[in-house]
Structure formats: structure tokens, C-alpha cells
Amino acid sequence: MDAFLHQVLAGLATGGIYASLALALVMIYQATHLVNFAQGEMAMFATYLAWSLLNAGVPYWPAFLLTIGIAFVGGILIERVVVRPVENSPVLAIVVVFIALLVILNSVAGWIYTYTLKSFPSPFPEQSSFKFMSPHEIGAIGITLVVLAALYAFFRFTPLGLAMRAAAQNPESARLVGIRVGWMLALGWGLAAAIGAVAGMMVAPIVYLDPNMMGGVLLYAFAAALVGGIDSPGGAVFGGFLVGVLENVLGAFVIGNELKLSVALILIIGVLLVKPSGFFGKVHVTRV
Amino acid sequence: MKKNIFLIVVLLGVACVLPFLVSNYRTFQLTLVLVYAIALLGLNILTGYSGQISLGHGAFYALGAYCAAILMDKAGLPYWATLPAAGAVCFVAGFLFGLPALRLEGLYLALATFALGVAMPQLLKYHHLEKWTGGVQGIVIPKPEAPFGLPLNADQWLYFFTLAVMLAMFLLGWNLLRGRVGRALTAIRDHAIAAEAMGVHNALYKSTAFGVSALYTGVAGALGAIAVQFVAPDSFNIFLSIVFLVGIVVGGLASISGALYGALFIQFVPNIADEISKAAPWAVFGIFMIGFVYLMPTGVAGAVRLLLARRKSP
């Protein structure tokens, strides 16, 4: 029983990280109806920047905030420079551009920082009094919840959040009432990049820093976003925790650790087949 | 048309002479170009012609490669006999994967196949399959020698063998795509509902396209395994699938000759870029992908077509 509880709680901790990244995916999906394949590599790159800052002697929390800021600006830049020209292209062109972004970020990180594993510090203390979870795991869950609360407050209570929701829901009408829809999309990308950066900095102490560290995490985040419903932020968080727990419990007790990624594969295909809108997503009807 | 046939004959002549002029290593690289060309034609049937995006074709390539390796290593089959087997297995696997994929469009299919591509190395390492797959170590297979006492060394023989297979596959592909089936696939890509209204059986065509595409890629995988003489799980990661995507984007979507241009690109450009840095090939790939999408969406094949058309009508 103890072992089971331990796996569930550890699953919740990694689930928090998947939830953050899934939230970033949903962010971009809501604004543009695109799935950003480069989300994981953007987060990885931001984490490397944080590592550079820490190595330059910046204390953890200022470096943490600074990285989020840089990622935010970077996300906006990527939207403006790379994504905008293909906004209205066929899906294939957009997917190709995202995959291109993925490999460029991956190789540039490898180029600058080499492919050797680097350890990344955790801001939380080493020892804990709670026997089932390490302080980093508790901290990761806490930070996910803080990010979620902040986002909820932003979209619910600020005029800018309202404008962004309007731009995502009905671009034409939003434009008519004076919202600059293009910039709202860019802002969405910036926010997504910032959330991804948080996820990256939380996962790096667990998996170590290397250019390919987000490959698996991104897959789980996809699964999480789909399980929760790709257009539902709350669903993404729920899905993240669920996928984290499922992955850990199934990996530990049922199928073994070597097939963990297949859990994500089966979840993705299963959800898409059985209930493509996920648990909390909207069902879309297309008229001929 | 006459001009085209003349051009193809000249190209074939060059292809036949080439292995006698260059080193064995270059011949091996050229063999891989032919292998990639088959794989790219397969992906192009699916993504270029029928508009279903696959980011996981490396998985079918891996399946074909493992089929060949296991049949040669465990069942003692000769190398040439493994190709039809690999093709058949991949056709079935592709068809089955295509059935659920029917319900997935555009981005979602890209997501599902991306997941397949990422998960594939793990599946190949699965320890209950180790008896056949050799686990992380993979399988080493012997190099075929030239039969009937032909005056060719092993590399040259394999090159000509691959060339023959490629020509057969391209001929089949050309016949398939220029006729009724090709038109049906393009119609589905451009407007699925209209195609359905015209009497095209969307589900059947789409899943068959998936199967045929996997068959091509699987045969390529088998040939690739024989050429490299080795299969291991980590050589079939998601980046292999992305390489194929780069190949069809650069070569030209929905174009048969594009597969060849794309294959040349993915074989030789990394070699050149490698001299700058280990990471450089991927940066170059990425920049080329974005560049082609922005500036030359029809790829090299489209540009060649345009040049030829311009010369014809001055």
C-alpha cells in the first residue's frame, strides 16, 4: 500500500509538470487552433538559459523570474517572425514549420551547450519530514497550482485577459470592437512560452538537463491536453495530473518502466478515437 | 513526353556507370539514396497525394528493417526474400494504423503519428521481444555477395539490386498515382466531402493509402537494414521520421521525382554540414524546411517543372 501511495504521489508531482506544459499547448491551441510541436524544445531552451543565468551567479528566484520574462519575449518573437507568415497556410505547412522550429531549437541548444547531461538545481530543500514525497515534488505541484491560479485570475479578471479570450473565440467581432487580434495571438504565444519555461525548470532537476530532455515530457503533455480536452485549460491541468499518475502507477505495477512512453501513445490514440473532445473540451460540429 | 523518356534513359545510364567510378563508400551512400527515395515515395503517397500528415514514418521503416533482420537472422531466409515479407507486414500494419487514423484529421493525425514515432524505440527494446529483436544491442546481418559469379563487389551488387527494386517500386507507384487511384487520393486531399459525393470511397482509399505508403517505407527499411548490415532501436527514433518529412518537403510534395531529389538532399547535406558541428545538420534541415515552406512550397521538383515549362514556351 505504501509503495502504491508513493507511486501515486510521485505521479502527481510529474503530473504537475505535464499539466504546465499541457496548459501551454492549450494556450496556443485556444488562440490559433494549432498544436505547437516545438513547445517542449522552447521549454528546454528556456531551461538552458536559466542554467546559464545560475552559472553566472544569479540567485535562483531572480533567475527563475528572469527566465520566464525572456521566454515570454522569445515566444512573442517566434510568433511574429516564424509563425505569422504561415498563419493561413494548409495544416501541413504549419506542422512543417513547427517541426522545423523543434529541430532548430534542439540543435542550437546542442551546439551551444553540448549534448552532455547537466544537473539543474532545485529551489526546494533536500530533506523533508514527509516520507512519501520529496520537497521538490511538493514544490512542483505547488508551482503548477500557482501558475494555474494566476492564469485563471488573468483571464477572468483583467481587461487584457478578456480581450485575449474574445480574440480567440471570435476574431472578426473582436477586431470590430477594437482588439488587435494579431497581437493577442502573439501574447498567447508569449504566455505559452513562459508557462513552458516554468515546466522546463521544474522537470530539469528530475530528468537532468540535455537537449532531448523534453521529448517524452512533450508526449505526455500532448496526452494530457487531449485527455482533458485540447481547448480547456482546466481540463489540461486535470489531464496532466491524471496522465502523471497513470504513467507512474502503470509503469511501476503493470507494464514496467520500459514501456512508459507507450502509455502516452495509447492514451493519445484512444482519446482521439473514443472521445476526441476529451473530458472537458467542446464538441465541434462541422457543417458542409 | 519523348524528351522525358530520353532524360530518364540518360539518368539510368549515369546511375549504372556511377558505382564503377566512385569508391565503395560512395557506392554505399548512393545505395542509401535509393533506399531513402523509396521511403520518401511512400511518405509522399500518404502525405503529398492523400494529404494525411505522418510524423511517424520512421516507425514503419523500423518495422521493415526489423522484419528483414529477424527473417535473415532467425529464419535464415535469403536477403531478397525478406523484401516481400517486410512489405506485406508493413502493409498490414499501415492499413491497421490507417483505420483509426480515418477519424483523425490534419493536426490530430500528425499528433498520433508523432506519438508513434516517439514511442517506437521503446517498443523495439521491450524485453519480452528481446528473443527476436536482440534488445538494445540490435541484430547484425551479413552482407550479400553478388550471385552467378558476376564481376561486382558486394557494395556494387547491393547498389544494383537496390536500383532494380527502386525502379520497380517507382514504376508501380507511377502507375498507381497517375490513374484513377491517384486522382481519387488527390480529390480526398483537396475536398474530402466533395470527393465522397463524387463516389470516392474515402475510408477505403485513405486506409489503403496508409497501407501502401507503409509498404513502400517498409521495403525501404528492409533494404536499408541489408545495406547498413545492422539494426538497433535507437537508430529509428523520432528524428528519422523528421528526416523523411524534410525529404518530401525539400524534394517536392505530391511529386514522384521529388522523392529522388529529397533522398539526395537528406543523404548528402548532413555530410557536408557535419563538418561544421555535430548539431549543424539539424539546424540546416530546420532552416531548409522553413525556407522551402515560405519560398518554394512545391520543392525542388516544382522548381524543376517550372524551369522546364519556361524553356518550352519562351
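User: Which residues of α11(B) meet α14(B)?
Analyst: This is a predicted model, and in it Val249(B), Val250(B) and Gly251(B) of α11(B) meet Gly299(B), Val300(B) and Ala301(B) of α14(B). Sorted by class, that contact has four nonpolar, two polar and no charged residues.

User: And at what angle do α11(B) and α14(B) pack?
Analyst: The angle between α11(B) and α14(B), the latter being residues 299-312 of chain B, is about 10 degrees, and their axes are 3 Å apart. With angles under 35 degrees counting as roughly parallel, α11(B) is therefore roughly parallel to α14(B).

User: Are α4(A) and α11(B) parallel or oblique?
Analyst: They pack at an angle of about 125 degrees with their axes 11 Å apart, where α4(A) covers residues 91-113 of chain A, and α4(A) and α11(B) are therefore oblique to each other. As for handedness, α4(A) passes α11(B) in a left-handed crossing.

User: Zooming out, how many residues of chain B are in contact with chain A?
Analyst: The contact involves 39 residues of chain B and 34 residues of chain A. On the side of chain B that touches chain A, the elements giving two or more residues are α5 (106-125), α11 and α13 (280-295) of chain B, and the largest share, 14 residues, comes from α5(B).

User: What does that side of chain B have by class?
Analyst: The side of chain B that touches chain A has 31 nonpolar, six polar and two charged residues.

User: Switching to the backbone, where is Ala254(B), and what is its phi?
Analyst: Ala254(B) lies in the loop between α11 (238-251) and α12 (256-274) of chain B, and its phi is positive, at about 50 degrees, although it is not a glycine. For context, most residues other than glycine have a negative phi.

User: Is Ala254(B) buried or exposed?
Analyst: Ala254(B) is buried, because 22 other C-beta atoms lie within 10 Å and the cut-off for buried is 20 or more.

User: And what about Gln229(B)?
Analyst: Gln229(B) has a positive phi of about 65 degrees, although it is not a glycine, and its place is in the loop between α10 (202-228) and β2 (230-231) of chain B. Gln229(B) counts as partly exposed, with 15 C-beta neighbours inside 10 Å.

Notes: Residues are numbered from 1 along each chain as its sequence is written. Chains are lettered from A and ligands numbered from 1 in the order in which they are written. This is a predicted model: local features need pLDDT of at least 70, side-chain atom pairs count only at pLDDT 80 or more; totals for chains, interfaces and linings use all residues. Helices (H or I, at least four residues) and strands (E, at least two) are DSSP runs, numbered from the N terminus. A residue is buried if 20 or more other C-beta atoms lie within 10 Å of its own, exposed if 12 or fewer, and partly exposed in between; C-beta atoms are placed from the backbone. Two residues are in contact if their C-beta atoms, placed from the backbone, lie within 7 Å. Ala, Val, Leu, Ile, Met, Phe, Trp, Tyr, Cys and Pro count as nonpolar, Asp, Glu, Lys and Arg as charged, and the others, Gly among them, as polar. Axes are lines fitted to C-alpha atoms, for helices over the stretch in contact, and angles run from 0 to 180 degrees between N-to-C directions. Angles under 35 degrees count as roughly parallel, over 145 as roughly antiparallel, 65 to 115 as roughly perpendicular and the rest as oblique. A crossing is left-handed if the near helix is turned anticlockwise from the far one by less than a right angle, and right-handed if clockwise.
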